[in-house]
Structures are given as C-alpha cells and as structure tokens.
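Work through the exercises below with the sequence and the 3D structure open beside you. Try each task before reading its solution.

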Amino acid sequence: MNDITIIYITASEVPEKWAEFQRKKLIEVSGAAPIISVSRKPLDFGFNIIDNGKRCTDNIYRQMLRAIKISKTKYIAVAEDDVLYPPDHFTFYRPADDTFGYNKNRLLLFTWGDPIYHWRNRLSNCSLIAPRELAIEALEERFARYPKGTPERIVGELGRAMVERNQGVTERKCEEKFSKFSIIHFNHDAASEGLQRLHKKTYGPIKAYDIPYWGKAKDLVTKYE
C-alpha cells in the first residue's frame, strides 16, 4: 500500500453521520496509503485541499488533477464520499503504466425504494485505479482543449473510449477488473446527478438482497442517515 495514494472527493453535502461512518470504513481498508481529500468545507482527513470551483462534473476532474499533482506515489485511486470500499479494493490490482484500471465489481444501493444491491455494466470514476503520470497527462490534455470548461454532455471517465472520442483527445487504454468483494455505491438525494435526486434511476439487471462481506442491503442502507 505504499505505492498508491487515495484521492478522496467530497462535495461536503452528505449527512455528517454517514460521512463519519464512510470515512471510518475507508481508513480501515486504506492501510498505509496516504490520503489527499478534496472538499468544499475544511476537512480533517488526510491532506486536505479546498474545492472552490463550480459544482459540475468537469470540476470534479479538475479537482482530481489538483490532488493527483500533490501525490507522490506511482498510482492513485479515486474514492468518493458516497461509496464503501471492501478490504481488497486498494490492493488486488495495479494497471500497466499506459492503462487506466476500473474495478467493475461495483453494486449500487438506492437510499429510497426497496433496499436491493444491483449491478450495471458501466465504468465509474469512484472505482478508478491509475498510474499517476498517465492520469496527469490525460487530464492536462483535456483541460488544454477545454480551458473554460468541458461541455457537460461529453464529460466522463478517463480511458473511456466514447468520452475521449467525443472530447477529441487521445484515446488511452482502459482495463476492467473485479475485486473479490463489491464496492457499494450509494445513490442519494445529495448527489450531483439529477436522476438520483429525483429518484428516477432504475435497478440494474443483476440484483441481490444479501452479499458477502457487506451483508443484507436492508441493514447497510440504514447507515446512510
């Protein structure tokens, strides 16, 4: 764990009781990995920097770049404030120097409706594990092309082919891996995504009520309060 830095991103809007629980769980699995936190309010969590940019998807990536440039390790891993990470997530995999890696073992859990874990076949920034230099290179290319902000409709994950083609930037390699235990990604009312705030998202095709390590969805969802 001395080869990776965790880049922790929060908009400082999730409930405080949840935030304390989620950060405690992150510390438990982070080992000796340094943490750089990016928050909209001062936060005593790792090395903290303040995000004073516009709240939008493009700004998330700009804040990531700020934090990644501060890091000193060969690899970085993104962690978000509405995600629980299993004990093997930060240790099970390292991508090649020219490749962005994503942990696809990511289950969603809505904080509304029936408490069901469910899986969608989609990359998510919250599961990114990447070589530091590659991430800096890719993000700097994006922002050089869109210095006033990347149009929201074409913002997306690093290494995702469709996103990079739409942005007109270099297409880079992307690799999908599955950890033994699942990442749990909570969908909630404080999210930046409108579909979450409106409770308009639908369940993915693979569902479960009870899973290894995390247990029953109906019990875990009560932690978000």
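The exercises go from the sheets to the cores and then to the aromatic rings.

This is a predicted model, in which local features need pLDDT of at least 70 and side-chain atom pairs count only at pLDDT 80 or more, while totals for chains, interfaces and linings use all residues. Residues are numbered from 1 along each chain as its sequence is written, and side-chain values use heavy atoms, with hydrogens and water left out.

**Exercise 1.** Give the strand order of the seven-stranded sheet and name its edge strands.

Step 1. Strands (E, at least two residues) and helices (H or I, at least four residues) are DSSP runs, numbered from the N terminus. Two strands pair if DSSP finds at least two bridges between them.
Step 2. The order is S3-S2-S1-S4-S9-S6-S10, in an open sheet with mixed pairing.
Step 3. Strand S3 (47-50) and strand S10 (173-177) are the edges, since each pairs on one side only.

**Exercise 2.** Which strands stand at the edges of the five-stranded sheet?

Step 1. This open sheet has the order S5-S11-S7-S8-S12 and mixed pairing.
Step 2. S5 (83-84) and S12 (206-208) each have a single partner strand, so one side of each is left without a neighbour in the sheet.
Step 3. S5 pairs with S11 (residues 183-187) in the antiparallel sense over two bridges, and valine 83 stands opposite histidine 185 in S11.

**Exercise 3.** Which residues of the largest nonpolar core touch the most other members?

Step 1. A nonpolar core is a set of buried Ala, Val, Leu, Ile, Met, Phe, Trp, Tyr and Cys residues joined through side-chain atoms within 4.5 Å. Buried means under 20% relative accessible area, exposed over 50%, and partly exposed in between (1.4 Å probe, protein chains only).
Step 2. The residues are Met64, Ile68, Phe100, Leu128 and Leu158, in a core of 25 residues.
Step 3. H3 gives the largest share of this core, six residues.

**Exercise 4.** Classify two aromatic pairs, phenylalanine 186 with tyrosine 224 and tyrosine 213 with tryptophan 214.

Step 1. Rings of Phe, Tyr and Trp (its six-membered ring) pair if their centres lie within 6.5 Å; planes under 30 degrees apart count as stacked, over 60 as edge-to-face and the rest as tilted.
Step 2. Phenylalanine 186 and tyrosine 224 are 6.2 Å apart centre to centre, with 25° between the planes, and the pair is stacked. Both phenylalanine 186 and tyrosine 224 are buried.
Step 3. Tyrosine 213 and tryptophan 214 have ring centres 4.7 Å apart and planes at 85°, so this pair is edge-to-face.
Step 4. Tyrosine 213 counts as partly exposed at 42% relative accessibility, whereas tryptophan 214 is buried at 11%.
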